[in-house]
Amino acid sequence: MRYTLKPIFCRPWTLNGFSLKLIESHYENNYGGALRRLNVIAEQLESLDYAKTPGHVVNGLKRDELVALNSTLLHELYFASLGGDGQPTKAMSEALARDFGSVNRWRDEVRAMAGALAGGSGWVVLAWLPRDGRLINQYASEHNQALVSGVPILALDMYEHAYHIDFGANARAYIDAFMRNIDWAAVQERYEDAIRTAPPRPLVQKEFGDVPGVDLEEVKGLLDAGKSLQLVDARPRHFVSRTQDIVEGAVWRDPERVQEWIGELSKSEPVYVYCAYGFHIGCKTTIALREAGFDARYLKGGHSGLRALGSTVKLNA
Ligand SMILES: [Fe+2]
């Protein structure tokens with residue numbers, strides 16, 4: 001395929017504190033250079049006979065493709081980030097305050113990150129993370145470090161070519177000039193597009209859709225706070241005899257013999273039930289307890305999930 005050139009979005013003559021010479025050099029040599037390299041690499045890749053090409057050649061070309069493609073995309077975003085008056089719109093102020101505490105806190109973080117990259121190279125990228133429905137400032141020391149699934153909406157170029165012509169080694173002055181020229185209205189448009197990106201699909205267990213589940217963080221939080229819970233480890237016997245560990249605060253009960261231990265539980269407090277990974281056994285045991293009148297919930301993620309969160313385990317005596 002052929003990658004096409006995008007025009008420079010920022011109307012260079014309107015920028016405050018940047019010379020035309022710097023912006024033109026950056027766009028023509030660095031953005032244009034990346035795009036030209038990318039098309040050469042794409043052509044080479046298209047002509048490869050993969051069955052006969054050594055692995056190191058494939059590795060090298062695909063690595064170079066990623067570097068050139070990300071450099072192209074980041075530079076397009078960089079120029080599209082400039083051309084405004086640096087004043088965040090109301091919607092972006094609210095979004096930054098929600099995810100960073102305040103606009104000033106966001107600015108401080110960007111300044112610190114960019115300052116730390118100065119003298120080397122890299123990018124500071126404001127990206128939307130669909131998984132958690134929030135904005136994050138992403139660090140990149142090279143073009144090819146990208147946040148997986150992140151949707152970038154603002155980019156600050158910290159390669160020396162982005163500022164040396166006008167600012168010399170004074171990266172701080174460049175960072176301030178960038179901040180003064182952010183086009184927040186354009187950032188907001190990209191933000192509105194980004195937040196429509198669906199998060200990764202959650203785990204669905206259709207057959208247990210009606211069984212109330214609880215997030216592991218909530219239960220771990222209660223345990224860490226010293227709360228005494230009715231926490232039932234209902235992993236199958238063969239699991240428990242194999243691993244022998246149990247989460248602190250839980251009791252193991254055989255899911256095959258619910259009727260033998262159900263009388264130990266109280267109906268006035270919730271009963272938390274988990275199995276190895278949070279699938280069938282935990283859900284079925286929860287259903288059995290609910291049918292007997294208990295306020296039972298299964299733990300989404302089970303024993304392995306609790307361990308992954310760093311829960312304390314002990315030997316199952
Ligand atoms: Fe650049």
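**Note on the iron site and strand E1**

1. His26 is buried, at a relative accessible area of 1%. His75 is buried as well, with a relative accessible area of 1%. Both values come from a predicted model.

2. The protein donors of the iron ion are His26 (NE2), His75 (NE2), Asp157 (OD) and His161 (NE2), at 1.9 to 2.2 Å from the ion. The angles among the four donor atoms run from 87 to 128 degrees, and the site is tetrahedral; the range counted as tetrahedral is 85 to 135 degrees.

3. Along the chain, the donor residues follow the spacing H-x48-H-x81-D-x3-H. Helix H1 (residues 20–46) carries His26 and helix H2 (residues 55–81) carries His75, so this pair ties together parts 49 residues apart in sequence.

4. Asp157 also has a place in the strand pairing: this residue of E3 is the bridge partner of Trp123. E3 (residues 151–157) runs antiparallel to E1, and six bridges join the two strands.

5. E1 also pairs with E2 (residues 134–140), in the antiparallel sense and over seven bridges. Within E2, Gln138 stands opposite Val125. The two strands form a hairpin with four residues between them, and Gly133 in the turn has a positive phi of about 60 degrees.

6. How many of the seven residues of strand E1 are buried? Seven of the seven in E1 (residues 123–129) are, so the strand is largely enclosed by the rest of the structure. Side chains in a regular strand alternate between the two faces of the sheet. In E1 both faces are covered, with Trp123, Val125, Ala127 and Leu129 buried on one side and Val124, Leu126 and Trp128 buried on the other.

Terms used: Residues are numbered from 1 along each chain as its sequence is written. This is a predicted model: local features need pLDDT of at least 70, side-chain atom pairs count only at pLDDT 80 or more; totals for chains, interfaces and linings use all residues. Side-chain values use heavy atoms; hydrogens and water are left out. Donors are N, O and S atoms within 2.8 Å of the metal (3.2 Å for Na, K and Ca); water is not among the atoms, so sites may look incomplete. Four donors count as tetrahedral if all angles lie between 85 and 135 degrees; four count as square planar and six as octahedral if opposite donors are over 155 degrees apart and all others between 65 and 115; anything else is irregular. Buried means under 20% relative accessible area, exposed over 50%, partly exposed in between (1.4 Å probe, protein chains only). Two strands pair if DSSP finds at least two bridges between them.
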